[in-house]
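I opened the model to look up the ligand site, the confidence values and the aromatic pairs. My notes are below.

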Amino acid sequence: MEHKNHASFTSSLGFILTAAGSAVGVGNIWRFPYLAAKDGGGLFLLVYLGLVLTFGFTLLTTDIAIGRRTGQNAWHAFGSIRPRWGFLGKLTFLVPAIIMTYYAVIGGWILKYAVVYLCGQRTQAAQDGYFLEFITSSVSPIVFLLIFLAITAFVVYAGVEKGIEKFSKVVMPILLLMIVGTGIYALTLRHTDGSGVTRTGLQGLVVYLIPDFTGLTFSKFLSILLDAMGQLFFSLSVSMGIMITYGSYVKKDVSLEKSIAQVEFFDTGVALLAGMMIIPSIFVFSGTEGMTAGPSLMFQSLPKVFASMGAAGTLVGAAFFVMVLFAALTSCVSIMETLVSTVMQIFRADRKKVSLVIGILSAVAAVIVCMGYNVLYFEYTLPNGQTAQLLDVMDYISNNFLMPLIAFLTAIFVGWVIKPQWITEEMEVQGARFGKKRFYAVMVRWVVPVIMAILFFQSTGLLAKAAAFFAPAGTVI
Ligand code: PHE
């Protein structure tokens, strides 16, 4: 079945902005900082940066080149190259479907904080336990998530992405400025806790930037690597089909290598700066113990920073959460759009009907995930040591388990079945330069499959069990 996508971006800027709009979202502002904090700051940062330049580059290049060369979305792209590999396109569809179940829950949290600040409740929001009380309550988080989801579904239903994209061109730069401003302010913070210990923002910056290798074991390193890799997939929106679809919209005269580098730079820049805003401030107010807070980190640390600004904090807080809301919305729209456009093609159904059905299914799933903090509460220890509730389990399945698997299969497919040359030709179409050609080939044939296979087993917890089994008694792995 041939389904050529005829829509295309008018310029490389249009492509970069749309890809960045999907890429920059809660992954950068909420997920990156909490993982970096949990994994000890500097060390995570170092690993992550290394991964962006190697794996991020390889995976993004692969997705976008496959999309442009086939002119298909992910569902059909692999099968159109080799019918036997069609299953891979179908597998990638699972990822946005799973992410959809919890992205709106976080969107709802952000919406709630935007409303709280717009209502001037800066001091209440900064109290210990405020966030926990909110997410564990039975009605309020569900209401906020439903509103967030309804806005997302409406945008997809009405097909007005272009409208919010225009809007996000204005919002994104302002959000960036605010993150930088708040980050610099966070460095000037100083706080003395109950036990008389004073901590400063600059000390927090050191924790964030300087890697600390003390007590690092091999298995701990693998677990950091897995966290960083999962974050890379999530943040760049790779290995889940979205970038393949975007690639299919890019015109042949756009230099892919350059555009890809720009998307990577932008996405990573926002994440690094968000970390600079959040990690020093959580360190100042809660010390290193506070850094393991997990998903609640941003919602606990930032309100304290805003509260310390006095009355201006209400304004800054409101503006901040409203903008993060837009970043979350553009990403969530890109996830739902992928689901809707694929289902539309499969069933040859119209946009309105499909949006309605997907919207309702997403709402049911998101409400269940949201209740994971309330009636469906449980504590499960993930193989990476994190105590997880339903939301974290879904997040782990998509980012740490499914995506390494998809990346592994894609690398085998490109590296060994169709050969890297197939991608290289697309990158060099119309005389474009692909400077990292050799590097790409080595990555996709050897490095990606090997590391992904290791990480896949690590994510199932099997690797740690095997290591413990084979290690001589008493060894610290
Ligand atoms: N990359 C987005 C973010 O950082 C999330 C996302 C995941 C978007 C998957 C699309 C697909 O928030």
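The entries start with the ground rules and then go to the ligand.

**Ground rules.** Residues are numbered from 1 along each chain as its sequence is written, and side-chain values use heavy atoms, with hydrogens and water left out.

**Ligand.** I listed 16 residues around the ligand (a heavy atom within 4 Å), and Ala23, Gly27, Tyr103, Phe234 and Met240 come nearest. By class, I noted eight nonpolar, eight polar (Gly among them) and no charged residues in this shell.

I then checked polar contacts (N or O atoms within 3.5 Å). Tyr103 places a polar side-chain atom 2.7 Å from a ligand oxygen atom. Phe234 has a polar backbone atom 2.8 Å from a ligand nitrogen atom. For Ser235, a backbone N or O atom is 3.1 Å from a nitrogen atom of the ligand.

The ligand alone exposes 320 Å² (Shrake-Rupley, 1.4 Å probe), and the protein buries 100% of that.

**Confidence.** I read a mean pLDDT of 91 for the chain, with 96% of residues at 70 or more. Residues 1–6 stay under 50. Where pLDDT is low, the predicted coordinates should not be read in detail.

**Aromatic pairs.** I counted 31 pairs, taking ring centres within 6.5 Å, with planes under 30 degrees apart as stacked, over 60 as edge-to-face and the rest as tilted. Trp85 and Phe413 have ring centres 5.0 Å apart and planes at 40°, so I logged the pair as tilted.

Methods:
Predicted model: local features only at pLDDT ≥ 70, side-chain atom pairs only at ≥ 80, totals over all residues. Polar contact = N/O pair within 3.5 Å; in protein donor to acceptor, adjacent residues only side chain to side chain. pLDDT = per-residue confidence, 0-100. Contact = heavy atoms within 4.5 Å. Phe/Tyr/Trp six-rings, centres within 6.5 Å; stacked < 30°, edge-to-face > 60°.
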